[in-house]
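Got your viewer open and a selection tool ready? Let's take a walk through this structure, one stop at a time.

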Amino acid sequence: MSSIQLADQIFVLLKHWLVGRVPVSLQPVVGILITVIPIICVFPALFAITTILERKGLGRIQNRYGPNRTGPFGILQPLADGVKALTKEDIVPANADKVVHFFAPVVLVMLVFLAYAVLPMGRNMAAVDLDCGVLFFFAIGSGTEVAVFMAGWSSRNKYALLGAMRAIAQMISYEIPLILSAVAAIMIAGTLNLQQIVTQQAGYSGIFPHWYVFTPWGFAAFLLFIISATAESNRSPFDLPEGESEIIAGYYIEYSGFKFALFFLGEYLGMFSISAIAITLFLGGWAAPFSFLTWVPSWLWFFAKLVTMILCFIWVRGTLPRLRQDQLMNFAWKFMLPMALVVLTSAACWRYTEGWQRWAISFLVVIIPYSWLGHGMMSNRKLEQRKYRFAE
Amino acid sequence: MNLSFLIPAIILLVGAAAANMLRNLVHCVLALTLAFAGFALLYFGLGAEFLGLVQLLVYVGAVAILIAFTVLLTGGGTAGEQTVLSPRWLQGFLLAGAMFLLLGYGISKSRFTAHAATSVRSYPVSLIGDALITSYALPLEMLGVLLTVATIGGVVLAIREPRQASQSVKVDQ
Amino acid sequence: MTSLTLYLLLAALIFAAGLALAVTRRNAILVLAGVELMLNAANLNFLAFWRFGQHPEALIGFLFVMFSIAIAAAEAAIGLALILAVFRQSHTINIDQIEQLKG
Amino acid sequence: MHMLENFLWLIPVLPLLAALLSILVGRHRRSLAAGLAIGAMSISFLLSLGTLCQLISGSLSSWQTTFVWFYFGQTAVPIGLILDPLSAVMLTMVTFVSLLIFVYSVGYMAHDARFARFFSYLSFFAAAMLGVVLSNSLLLLFVCWELVGLASYLLIGFWFERPSAAAAAKKAFLTTRIGDVFFFLGIVWLYAKTGTLLLKDGGRGCLDGPQLALLVSQHTVMGLTVAAAISLLIFCGAAGKSGQFPLHVWLPDAMEGPTPVSALIHAATMVAAGVYLIARVYPLVSVGSHSALTVIAWVGAFTAFFAATIAIAQNDIKRILAYSTISQLGFMMLGLATGGVAVGMFHLITHAFFKALLFLGAGSVIHGCSEEQDIRKMGGLRKLMPITFVTYTVGMLALSGFPLVFSGFWSKDAILESAHGWPLSQGPFLMASVAAVLTAFYMTRQMFYVFFGESRLPQVHPHESPAVMTMPLIILAAFTVVLGFMGTPAWPWFQNFIEMRQVPAADFANFMEPAFLGTLLLSTLIVAVGLGLGWFLYGRKAVPAMTEPDVLDVASPGLFRVLAGKYFVDEFYEATCVRVHGLFARFCAWLDGHLWSNFISMIKWDVLSFARLSRNFDVAVIDGGFDSGCETIQSGGERTSQLQSGQEQRYLKWIGLALFLLLVWLFWGARG
């Protein structure tokens, strides 16, 4: 095997080697463990890194430093947070529903980790190669709402319940555009199996890869996907449920200590998994961005794209203001849903036309409704200089 | 009695029993969600993974949350049920028991020419896609229409009457 | 005890549980839940017969359950919306008190 | 001149027209009404006189015309007019006497309120009488006959406010109707046998030869020939109208009418109609061996004798004359039966004149004595009413048959002679002669009561009637004298004229003929006896006062009371027919009241009970059943509605149970 393939398949080979050393009766179990344990280790580590990256990034965006006391440049800040979370007293409200209160974070984290089973992190480095991988991911994703509900309701706190309700409403509303934009990619790829979707995008024309994002409908679908992804994981512009300024901390207000940390972990892991799906559907999964860079190992590309996506999230969080609940809902049902349908039609046009008409038609099919919808949305808003109101 | 049947069955039974027994409404709903998840696992066991996922997506994801929301909206969250053991309960269980015994008797007596589940391997999703688009196209379209109508109906029913407010206003003038 | 009868027995049991839930509970929502349970038990039966029937590849049972789930979802949505409307109108969902529709 | 026959129909129509016009004219145009009536009558008189002259001059023997009155189905009903010596004589007599009476009644009725109506009735009566005289068909004759009856009813009951007048009118009408019914039966029988009602129709008429032969050949009940039977029936009609024995009761009561009416109807014309009828159908009556004439003769004779005896005991001036009329009609019937048409007709004509004279005289007496009719209250009027006295005595002498000078003597003598010569029996001759004696007697009695002796009128001063009344009296008196000479045995012109034979030259030698001489002497003897008897009883002493009984009453009270009571014929009728009729009426009333009412009430009861039955059935069965049916349905509905309690869980339980049972049935039922 060439050195490139070796580098590419290093983890797979490692696993086979380890499984080989185990007695046959245990081999299936050991095989499963070997695939599960790295996932459980790698992504929480990535979580730790993103917390520091996020705080430093936000600081830099807000023209300040960010945490730099713990270790050089604040690198040990996650460690500090971890210790804080573990050592803090785990307070449970008096009349909270003990059982449900305890199980809420457990269910959440379990579901989120479960979502990682289908993600193709590298060439044949997916934990489970399901025939309907995408559907699996979305099914598990929709499970998280139950966990959020359990958390919100069990803490018997008005704000917690309100936050949970808002979060669930938002997640359900954005689930539809999310799935529909994914459906566009699946329709073109022709399969629900993530590995095959990646292989569909493997080809290069010239130096440019055949990623779906570079197609008119693909780019629109990617944007829709990313926007609904941020909403789905309650981040940045859509982080109303746990908006500190309005309702303190949303549904995990009554959690403290380790359970609080779990919620955080769950949230970030959700972000990572949804951006991973975005990568596989639109950014060619573990494929190299340029034809001459294929020598770099596939998993490396996967993680590179993942980090860039995370940086974008942080960047978006730093810049965009928070949306009001009704604006949020309107945006979902009155803009995202129609646009998703439009993207579907343009993908259909793309699928059944050839050559240059393909590009022209799908481009027009996307742009015209977009401008019309956009114009429609904006017409009834009077855009004028922002007026500042100061308390007298 | 392979494992893939036993675990989901247990989850299912626990969920169903809890739904019947628990007094607190939300607990019942959560038990119900568990039961739906149990069904999904059973479907995986039966090799219909696509349906399992659909079950998860539809029931666990949407219906459970819907039921939870309705419970909260109708103030069920706090009020506890009265004591479970009441003549109504007894009648219900007698009926259910009789029904189960009868069905059980029927099932056990009937002889199925069961084909050994040759390969539990699930069928490729594309096969399902083909079947849906070709021979079951009409049901699919009708399903689409049904779901649209259901959505609109749900909205009409549940919407808080802004119109009424406006109507009352009109009346007052 | 072939696994088919196991599945059928389990479905029957769950059906009975659903029936009990629907009949005993005083809250309208749980009655609906009971109905959902019964529906799912029926779906399980379909799938069991599909899997252990002669022609699993024909996907008849499979698709039947597919449509059944979709319809059940629509039914649940509408049912709950109705319950909400009833609650808003008569401020109670205790099924014994909602009896205007009588002879 | 000979054109007159074309205007024959004008004679009856003119008075009829006058009658109608005077009614329309109205009550207040009195002179116009009288003028109309008299004018019309005078024209008819002139016309009839013209026809008489035509007949006398021989240019026309007899003439008839027929025209169709109406059709029923295909059969036509022909009627016709006839002009022959018989009808011509009657025409002139009727028109002349009516004319005189019209003039007389202008004076007599001057004070009456309904003057115009009186004259219209009179002219209507005249028209009807002329219709009877002229008609050639029995049907037309019968129609006019009825109109005459109606006119007599109207005139008798002219003062209808007096109950007695109204009753008399009804009585007259009813008794004549009884006769008319038999008359009608005869007509119908005749029509049935001969097929036609025309009298003389050139051989086909019922009086012509072949038909008569047919009628005689057939026999009916009691051996009578059909002709005899029919003629007897016709005689009954004549008897009714002419007041013969059984049906004479109405004539005396008819005196209730005004005197001109009595004069016209009950002296001259109407009563003569019966005799004229028999004369008209004489061929039918006289055909065959023992024909109807024997019956007529006996009835006539008996009536003459019967009426004469009653007249003796009457105290009312008009009733005496009425009974005398009845007896004279009896004489006419006897004359017809024994001597043929000419004898009867001659007495009829002469009687018409002197009886009209007597009635008008009585009228002027009554008019003078201010409506007093009882002769016992009169007396001594010869000085106060000289003209009336003279004319009245002329009439009296003519009636009683004073020889040679007066017409009554010649006509009555002819009858006595023919009665004497009647082969069958001398009975009628004897009765007739006794009646003649009585006639003379009661007339002289009346003369002495009314005109001689002292006036018994207490405070009334009678005065002579005005000229308009006395002038007709004088004319009539003249005619009663003159008419006698046209029928004497010496120069029997009238008899030949009636039988249309050539009139021989006058020959006074006939008087000496043994046959004639005997009866002439006999009748003069009769008159002398009657007058003497009357003078002897009433002439010598002053007539007794109002209160004393009559001389005859003194002589034989029983007989006198019987005669005064008119042989109680009215009472007899009252007792028999009227009572029977009353009984029959009451029986019918009883029948209707009890039998029918019970029957009807029975029916009513049935219907009611049936109605009640059906109502009960309806209520009990149908309503009951229906209601109970609804009841069960409703209660069943109520019970089942409980099932729908609105509680879903209960429904679920029921459904579960049903499912359970179904499954049970499925598993065990099917195979069990």
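Select chain C and start at its N terminus: the elements run α-α-α, that is, three helices and zero strands. Helices and strands here are DSSP runs (H or I of at least four residues for helices, E of at least two for strands), numbered from the N terminus. Before you go further, know that this is a predicted model, in which local features need pLDDT of at least 70, side-chain atom pairs count only at pLDDT 80 or more, and totals for chains, interfaces and linings use all residues. Residues are numbered from 1 along each chain as its sequence is written, while chains are lettered from A and ligands numbered from 1 in the order in which they are written.

**Stop one: inside chain C**

Colour chain C by burial. Of its 103 residues, 55% are buried (a residue is buried if 20 or more other C-beta atoms lie within 10 Å of its own, exposed if 12 or fewer, and partly exposed in between, with C-beta atoms placed from the backbone). Contacts are the next thing to show; two residues are in contact if their C-beta atoms, placed from the backbone, lie within 7 Å. Among the contacts in chain C with a separation of 6 or more, 49% join residues 24 or more positions apart.

Now select helix H2 (residues 28-52) and helix H3 (residues 60-90) of chain C. Their axes are 9 Å apart and the packing angle is about 175 degrees. Axes are lines fitted to C-alpha atoms, for helices over the stretch in contact, and angles run from 0 to 180 degrees between N-to-C directions. That angle makes H2(C) roughly antiparallel to H3(C) (over 145 degrees is roughly antiparallel, under 35 roughly parallel, 65 to 115 roughly perpendicular and the rest oblique).

Show some side chains where the two helices meet: Leu32(C), Phe46(C) and Trp50(C) are among those from H2(C), and Phe62(C), Val65(C) and Ile83(C) are among those from H3(C). By class, this contact has 17 nonpolar, four polar and one charged residues. For these classes, Ala, Val, Leu, Ile, Met, Phe, Trp, Tyr, Cys and Pro count as nonpolar, Asp, Glu, Lys and Arg as charged, and the others, Gly among them, as polar.

**Stop two: where chain B meets chain C**

Bring in chain B. The contact takes 63 residues from chain B and 54 residues from chain C. Which helix gives the most to the side of chain B that touches chain C? Pick out H4(B), which gives 13 residues. On that side of chain B, the residues divide into 49 nonpolar, 13 polar and one charged.

Zoom in on H1(B) and helix H1 (residues 3-24) of chain C. Their axes lie 9 Å apart, at an angle of about 10 degrees. That makes H1(B) roughly parallel to H1(C). The crossing of the pair is left-handed (the near helix is turned anticlockwise from the far one by less than a right angle; clockwise would be right-handed). For the contact itself, select residues including Phe5(B), Leu12(B) and Asn20(B) on H1(B), with Leu6(C), Ile14(C) and Leu21(C) on H1(C). The residues of this contact divide into twelve nonpolar, two polar and no charged.

**Stop three: over to chain A**

Of its 392 residues, 42% count as buried. Select helix H7 (residues 158-189) and helix H13 (residues 325-351) of chain A, which pack at about 10 degrees with axes 9 Å apart. H7(A) and H13(A) are therefore roughly parallel to each other. Their contact holds 20 nonpolar, four polar and two charged residues.

**Last stop: chain D**

Select helix H17 (residues 407-420) of chain D. Its 14 residues reach 20 Å from first C-alpha to last, close to the 20 Å expected at 1.5 Å a residue (1.5 Å times one less than the number of residues). Is H17(D) mostly covered or mostly uncovered? Mostly covered: 13 of its 14 residues are buried.

Finish on Asn496(D), in helix H20 (residues 493-498) of chain D. Asn496(D) counts as partly exposed because it has 16 C-beta neighbours inside 10 Å. Not counting residues up to four places away in sequence, Asn496(D) touches Arg501(D), Gln502(D) and Val503(D).
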